[in-house]
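Please work through each task before reading its solution.

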Amino acid sequence: MRNSVMLIGRPGAEPEMKTFNNSKIARFRIAVNESRKNANGEWVTDTQWFPIVAWGPVADRVEKNVKKGKRIAIDGSLHNNEWTDDKGQRHSTTEIWVNDLFLIDWEKE
């Protein structure tokens, strides 16, 4: 069995960077568009947003290279998080943790 996710999309904003114990973490969301024909035979595009998390050396690459609107490919895995807030409310989220990324719309600056 394998927990594997591969996506191609565009970040909706610049990555949010934080440092913990001399290691960086990058968080951002990417939009992934899928086109299909609807019941009337017309092409429609659906957009899904996915939360992305990168740690350590991959977060360094994200910080240097990932820009809003520039296409990237992500190779990662799904991670579920559950917690209870101060009011006793239960929350859960699913994130994609990046193993590697490929810069599709890369330009030398």
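This is a predicted model: local features need pLDDT of at least 70, side-chain atom pairs count only at pLDDT 80 or more; totals for chains, interfaces and linings use all residues.

A salt bridge is counted when a side-chain nitrogen of Lys or Arg lies within 4 Å of a carboxyl oxygen of Asp or Glu.

**Exercise 1.** Determine what Arg90 and Glu82 form, and classify both residues by accessibility.

Solution. 
1. The closest N and O atoms of Arg90 and Glu82 are 3.1 Å apart. The cut-off is 4 Å, so the pair qualifies as a salt bridge.
2. Exposed means over 50% relative accessible area. Arg90 has 59% and is exposed; Glu82, with 59%, is exposed as well.

**Exercise 2.** Locate the partners Lys24 and Asp60 in the secondary structure, and state which network includes them.

Solution. 
1. A salt bridge joins the two side chains, with an N to O distance of 3.8 Å.
2. Lys24 belongs to strand β3 (residues 23-37), whereas Asp60 belongs to helix α1 (residues 56-65). The pair thus links distant parts of the chain, 36 residues apart.
3. Lys24 is partly exposed at 28% relative accessible area, and Asp60 is partly exposed at 29%.
4. Through shared partners, salt bridges join Lys24, Asp60 and Glu63 into one network.

**Exercise 3.** Identify which parts the salt bridge between Asp46 and Arg36 ties together.

Solution. 
1. The closest N and O atoms of this salt bridge are 2.9 Å apart.
2. Because Asp46 lies in strand β4 (residues 43-55) and Arg36 in strand β3, the pair ties together parts that are 10 residues apart in sequence.
3. Asp46 is partly exposed at 31% relative accessibility, and Arg36 is partly exposed at 40%.

Terms used:
Residues are numbered from 1 along each chain as its sequence is written. Side-chain values use heavy atoms; hydrogens and water are left out. Helices (H or I, at least four residues) and strands (E, at least two) are DSSP runs, numbered from the N terminus. Buried means under 20% relative accessible area, exposed over 50%, partly exposed in between (1.4 Å probe, protein chains only).
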